[in-house]
Amino acid sequence: MTRIDQIMQQDHVRLDALLDISARAVREGRWQDAARHLEQFRHGIADGHMVVEETTLFPAFEAREGGTEHPLTALLRKGHQDLRVFFQEMAEAISAEDAEEFADLLSTVQTILKQHDAKEETELYPYLAEALPDHGQAVGQEILTFAAGERA
Amino acid sequence: MSEYRGCELPEDLFYDLDYVWVRPEEDGILTIGVTDPAQTMSGRLQKARIRKLGTHLEAGRHVATLESGKWAGGVPVPCAGEIVARNEALLDNPHLINVDPYGDAWIARVKPDDPRHALDNVKTGPDAIEALSAWIDRYDVQCMRCSD
Ligand SMILES: [Fe+2]
Ligand SMILES: [Fe+2]
């Protein structure tokens, strides 16, 4: 049995690797590859990972810990909102073949993700792994199915 | 000047109720910066990047990105427009934002595409101050001035 905290942490690693592949393509001037890999990363994180967090994990935490104004989930939701804008800006930098702009955005996004993911991995996921009836395995399955669908 | 938990909140500015303040100038240009509670939450800033002069931005896009050792984030514009000035001093000395967020550390000036709707997404007055006070509570921010 795999607990929700392990599943989500592994998904962070998987997504970081996708972003790295896109960044390498930018550095090597392979703009079409860069665009394709960035879109793969964006889809995985924004349409999969974040959606599961926003629709299932955050509400499960908020239901047990004092509602939607909780500072932790407020900060994490705001982080997702900012990141979505940055993903769009990274895609635009690739379209414009602007490596310098992309590198600036990448550095910011990686810093945001590092802090964001660390917060989730220390404050959110372990809490849910204890609080959810099946250690969150059922929810985790959503992520695994989504990731598997991308590889298919 | 309103103050809440040590954080300065000038009443004459407009706010996106998150990180950003906006001051409409007489010529219709918007001066943009980050608030005192936002710079406090971010910690000592070590890097500031501002988009190039002449860049056109849609509403919500980032005119600048800021990084401290522990935090990074973007500074979104409240309306679509073109960057007509940027504060070059911040590029060498981003820490200025921690020192004088409403004065010397303005970030950029943007010329709105549609001046009539430039301030539709920002708030001012007592309601804005109240919402920002709630923001300060939510993130448990306590501002301190070095000069106090
Ligand atoms: Fe997240
Ligand atoms: Fe996450």
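At 53% relative accessibility, E130(A) counts as exposed, where exposed means over 50% relative accessible area, buried under 20% and partly exposed in between, with a 1.4 Å probe and protein chains only. The structure is a predicted model, in which local features need pLDDT of at least 70 and side-chain atom pairs count only at pLDDT 80 or more, whereas totals for chains, interfaces and linings use all residues. Residues are numbered from 1 along each chain as its sequence is written, chains are lettered from A and ligands numbered from 1 in the order in which they are written, and side-chain values use heavy atoms, with hydrogens and water left out.

The side chain of E130(A) meets that of R3(A) in a salt bridge of 3.3 Å, N to O, a salt bridge being a side-chain nitrogen of Lys or Arg within 4 Å of a carboxyl oxygen of Asp or Glu. This pair links distant parts of the chain, 127 residues apart, with E130(A) in helix 4 of chain A and R3(A) in the segment before helix 1 (4-27); helices (H or I, at least four residues) and strands (E, at least two) are DSSP runs numbered from the N terminus. R3(A) is partly exposed, with a relative accessible area of 23%. A second salt bridge joins E62(A) and R77(A), whose closest N and O atoms are 3.1 Å apart. Because E62(A) lies in helix 2 and R77(A) in helix 3 (residues 71-95) of chain A, the pair ties together parts that are 15 residues apart in sequence. E62(A) is buried at 5% relative accessible area, while R77(A) is partly exposed at 29%.

Chain A also holds the donors of two iron ions, donors being N, O and S atoms within 2.8 Å of the metal (3.2 Å for Na, K and Ca), with the caution that water is not among the atoms, so sites may look incomplete. The iron ion (ligand 1) is coordinated by E53(A), H80(A), H116(A) and E120(A) at 2.0 to 2.2 Å. The angles that these four donor atoms subtend run from 82 to 168 degrees, which makes the arrangement irregular; four donors count as tetrahedral if all angles lie between 85 and 135 degrees, four count as square planar and six as octahedral if opposite donors are over 155 degrees apart and all others between 65 and 115, and anything else is irregular. H116(A) and E120(A) stand four residues apart in helix 4 (residues 99-131), about one turn of the helix, and H116(A) is buried at 8% relative accessible area, as is E120(A) at 0%.

The iron ion (ligand 2) is coordinated by H12(A), H49(A), E53(A), E120(A) and Y125(A) at 2.0 to 2.3 Å. The two iron ions are 3.4 Å apart, and E53(A) coordinates both. H49(A) and Y125(A) are both buried.

Between the chains, the contact (heavy atoms within 4.5 Å) takes 20 residues from chain B and 19 residues from chain A. R61(B), H62(B) and R138(B) supply 34% of the area that chain B buries against chain A, more than any other three residues, buried area being the accessible area (1.4 Å probe) that two parts lose on being put together, summed over both. Five salt bridges are counted between chain B and chain A, among them R51(B) with E101(A) at 3.3 Å between the closest N and O atoms.
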